[in-house]
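Subject: Structure for you to look at

Hello,

Here is the structure I said I would pass on. Please open it beside this message and follow along; my notes come after it.

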Amino acid sequence: MLQTSHSIECAISDDFRSGGLLQLTIIFIFDSSVLICRNYKGDVDMAEIDHFFPLLMQHEEDGLLCPVLSRGNVHFMWIKHSNLYLVSTTNKNSNASLVYSFLYKLVEVSFCVMKYFKELEEESIQDNFVVVYELLDELMDFGFPQTTDSKILQEYITQEGAKLEVGKSKVPTTVTNAVSWRSEGIKYKKNEVFIDVIESINVLVNANGSVMSSDIVGSIKLKTMLSGMPELRLGLNDRVLFALTGRDKGKTVVMEDVKFHQCVRLSRFDIDRTISFIPPDGESELMSYRINTHVKPLIWIESVIEKFSHSRVEIMVKAKGQFKKQSVANNVEVRVPVPSDADSPKFKTSTGNAKYVPEKNMVVWTIKSFPGGKEFLMRAHFGLPSVENNELEGKPPITVKFEIPYFTVSGIQVRYMKIIEKSGYQALPWVRYITQSGDYQLRSNV
Amino acid sequence: MPYLGSEDAVRELRRALSNPNVQSDQLRYRNTVLKAIRAMSQGVDVSDLFSEMVKACATVDIVQKKLVYVFLCSYATLNPELSLLVINTLRKDCQDPNPMVRSLALRNMTNLRLPSLVEYVEQPLAAGLRDRAACVRRVAVLGWAKLHNLQPDAEIDAAVVNELYGLLRDPDPVVMVNCLRALEEILKKEGGVAINKPITHHLLNRLKESDVWGQCEVLRILQRYHPQSEDELFDILSLLDASLVSPHPPVMAATLGLFLGLCSGLPAVSLAALERVRGPLLAACGSTSRETRFTALCHIQLLLRSLPGLMGAHYKRFFCGYAEPAYIKQRKMQVLVELVNDENVAMLLDELKGYCTDVNPETAQAAISAIGRIGRSYSDRCLEILTGLLGLKQEHITSAVVQTMCDLVWVCPQCSDTVCSALEGCEEMLQDSQGRQALLWLLAAYGERVSSAPYTLEGFIDRVRSEASLGVKMELLTTTMRLFLCRPSETQDMLGRLLHYCIEEEMDMCVRDQALLYYRLLHCGIEETHKVLHGQRSDPSLGVLIGRPAEPINQWAYSFNTLEPLRQAGVETEPASRGSPEHVTFDPKPNTDLSDTLNCSQIEKLGTPISGQLLPFFFAEPLKFHQVGWGASVHSHFQISPEMFNRVQVRALAGPLKDIHRVVPKPLLCYLGCVLRFVVLLEDEPSPQSEVQSALEHVFIQDVSVHCCIHLSLNPD
């Protein structure tokens, strides 16, 4: 009993006319019980939440599931995070995109604040429900979002994780600070900044081998371990800067959806294209971008899957590294779908090893290190039962996971990172580049 | 929820809370309070602990304070008298040197939601507005809104309102935005916060300081502002131009909403703004959050109504990933259908064909009907795919294909030959009622060309006793009648059997009435029957998809960036709205042709108890008309409130019907020339009678004076 009955709810209140966001938010669990519930405005009856789960189940059965469920004039907008449902309710014609953004913000912030726990999930909520209550109070008041910056919230929240100490009534410096994302008086013995440039490649390749869509989602992440109030300046290579500002319409790619952390002085960037900022302490994402361009798939897969009904399936997969010879892709995983009723697997690989994962109906071919320009082969053989499964099966695509260090597809480069602080200490910047697979799908023709 | 042993638990907690040893040990005291809160969030009723918790409130431990406040806010409304005791502690906390304690006390004071406490709260709130710390001012500003919400009829204190207006200039952006929010709430009756030129300019200048939430709030409230001159308007627009391409979808949407509001008189500017948001919208469609993707797709559908070419070049962005949820796939397909053109049609159809075998039957069905819609413009290619799908011999696919063909033939009669030849032999694969209804409709319309039609019908008639679906039975009656007209020798016998069964044995009044109607019709002679039943088989005027006129932006601007576009989705994809061509057309069509043929003077509802949620109406009117297939236009009118009419069936009868008074309960009409039978099927609970009536009037009877008698008892239960 104790184990099962919980759920969080935060309430948010919403109101299209009078500008609020939501009236209630809940986090639900599998077994439909409410963990935490917060009614921010009191306009929606708390009992309405009881209808959410049956409604969800019913829509799921009918195949009409949708992020908005309605019952009478109460609308439930929900997201799912691991085993929790975060639900907000409203009876107004509210701004949907804002509500969803807020729910995601809630997840993000809870994750940051409860940093002792790896994931926001049922158990971490149970152990930290007081923190969650506090969080819900600080995030939103009367249905209006207030402080949503996780760094600041961490200071507001008096209880750190499950740790209980006698409360100190220290005033968070950020409450009154000019720089809201950084507290004063931070000290490190060794001053360092780690810069990670990470690009994820999303590719969708059709069964006939043509690339249907491809894009790059990049981000620059910082891990700042600097004392005081340092002033940082980041220099990127010109090509990227041109793309960022869209000034060179010729050969460079156009970056869309560029987001900077709030610490970056945008006015300065607009004038002379320097990225200058006072960094938040610890980990943060300095900028993110998306490039929607035709990239050559870094790992190209050719597959021949022959299905002989009632007897066997023969799979031949060829993987080719279409990147520079000097680079090496690490931890490559090629996941090839097989029919759900396949049995007695046999494999032959030119490198790495293949494994059958029956619960996911796929073969996972793992290659620890995959140099550019190389080609590898995997053959698999499965038996099929003589009585055929009549049900229609989906055609899952082949998916690939990989990681290529010291390399970015867009060519983004960090030229310099200048660190200036009043006390004049020496600090070291470290840069790392990684290209990895995002949503990397190649449709098969079975 | 009954909680086993909860009484014991509460007793235990009370004992611990009032134990002086516990109270003296800070950590133990806090842990006990924590236990109580935990019990509360697990659904145990711990309201009995209220007085102990009030005592626990007086502590220096800020953590314990917060815990107690959570408890008090949950149970205050149950214990208004005891809550009075807390007020003192709270008021004392409002003087605390620590701004966090002050804001905490102030917030919880206003969260107690007790009208009796208002007089004690006002003074600290007023002081809070002038507090040094921004976090206290934030809470205080919203506190006034909460007070107002508690007593909506109370007098509004002009001094407070003035002070709130003054705080719009507060250095803290959250205080500024909270003031807007509070004033909106307090001045709701007067139409919200007054937006004049200085306030607008002030807000715009400080827009960048706010976070995403604040920006959205400000942009939304500014929609009420009317610039005094065109110059000012364009100044505002150019100031907001950067926000229009903001990477935050909510800000982008709010800015576009403001643009559309400000430029309602300048369609060219609005269209340019739509072009401008294309990039950010597409980016939102690729967001990692499914809900953001879904919202973006829904809004793209809105935009496409006014600017059909907006996404043309980017159709590949709407291809579905394998693991995407069904609701996104279905929306993407709806968008893809809008984007089809000569260059991409092959690629698009190829892609859609892949979705037809999706494991999720609803997605497969949506893909098939998407192909059907494209078929209006590219019928040959689509029919080839559709007939190919029949070869898969999957029940749900066959059903969806037959329904889609039914829709397609209704719009493109030239497809009928291919459809007729494809129909052979697919009745075995049809299990659901919608699919079978569609098959029957096709057999009725093109029975003379399907050689096996009588055999198919015979099978249906043999099984009619075990047939559960009302719709199938009704459709079966009509189909048999129509087939009888064109192939009498083969069908006479089975028609007789069917009518006999329906009149003598059928329990459902609707089916029985329909059978009686046909029986009497046959008595009037084959000529008359033919006139009545020979309906229109298609409505090509619904036309192709491409080249539809663009709607003005005003048509949808009011619902932009709200919940509405997300919900409309559901209605359109509702499988219940499919079935036979009358119910399927989505394209609205003006109803000009309607009122001139219809000149009806009486409307009468049949007062028989009806199975389930069925609502039959009988229209009687003196003039003759020989047209049946109004379904299309009728349906589009009922779309005005689609939640009310999920499905509309229309049958028209023309000819002298002597015995009509036996069908209509009261012999109201002395000169009955013909009858239009009109059935509205309601999926949900029956709507109030007046709504049904007004919708009917809207459709049929606009400029005719009508005596309406629609009786209640729509639903016997």
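On the surface, Glu119(B), Glu122(B), Glu155(B) and Asp157(B) gather in a patch of negative charge. A patch is made of residues with over 30% relative accessible area and no salt bridge, with like charges joined within 9 Å and nonpolar side chains (Val, Leu, Ile, Met, Phe, Trp, Tyr) within 5 Å. Lys and Arg count as positive and Asp and Glu as negative, while His and the chain ends are not counted. The place of a charge is NZ of Lys, CZ of Arg, CG of Asp or CD of Glu. Accessible areas come from the Shrake-Rupley method with a 1.4 Å probe, and for residues only the protein chains shown count as cover.

This is a predicted model: local features need pLDDT of at least 70, side-chain atom pairs count only at pLDDT 80 or more, and totals for chains, interfaces and linings use all residues. Residues are numbered from 1 along each chain as its sequence is written, chains are lettered from A and ligands numbered from 1 in the order in which they are written, and side-chain values use heavy atoms, with hydrogens and water left out.

Glu119(B) sits in helix H8 (residues 118–129) of chain B; helices (H or I, at least four residues) and strands (E, at least two) are DSSP runs, numbered from the N terminus. Glu119(B) is exposed because its relative accessibility is 58% (buried means under 20%, exposed over 50%, partly exposed in between; 1.4 Å probe, protein chains only).

Arg137(B) is in helix H9 (residues 134–150) and Asp170(B) in the loop between helix H10 (158–167) and helix H11 (173–186), 33 residues apart. Arg137(B) is buried at 10%, and Asp170(B) is buried at 5%.

Another joins Asp172(B) and Arg138(B) at 3.0 Å, N to O. Asp172(B) lies in the loop between H10 and H11 and Arg138(B) in helix H9, so this pair ties together parts 34 residues apart in sequence.

Arg497(B) and Asp462(B) also meet in a salt bridge, at 3.0 Å, N to O. Both belong to a network of salt bridges that links Glu458(B), Asp462(B), Asp493(B) and Arg497(B).

Lastly, Asn331(A) has a positive phi of about 50° although it is not a glycine. Asn331(A) is in strand E16 (residues 328–337) of chain A.

Regards

Terms used. Salt bridge = Lys/Arg side-chain N within 4 Å of Asp/Glu carboxyl O.
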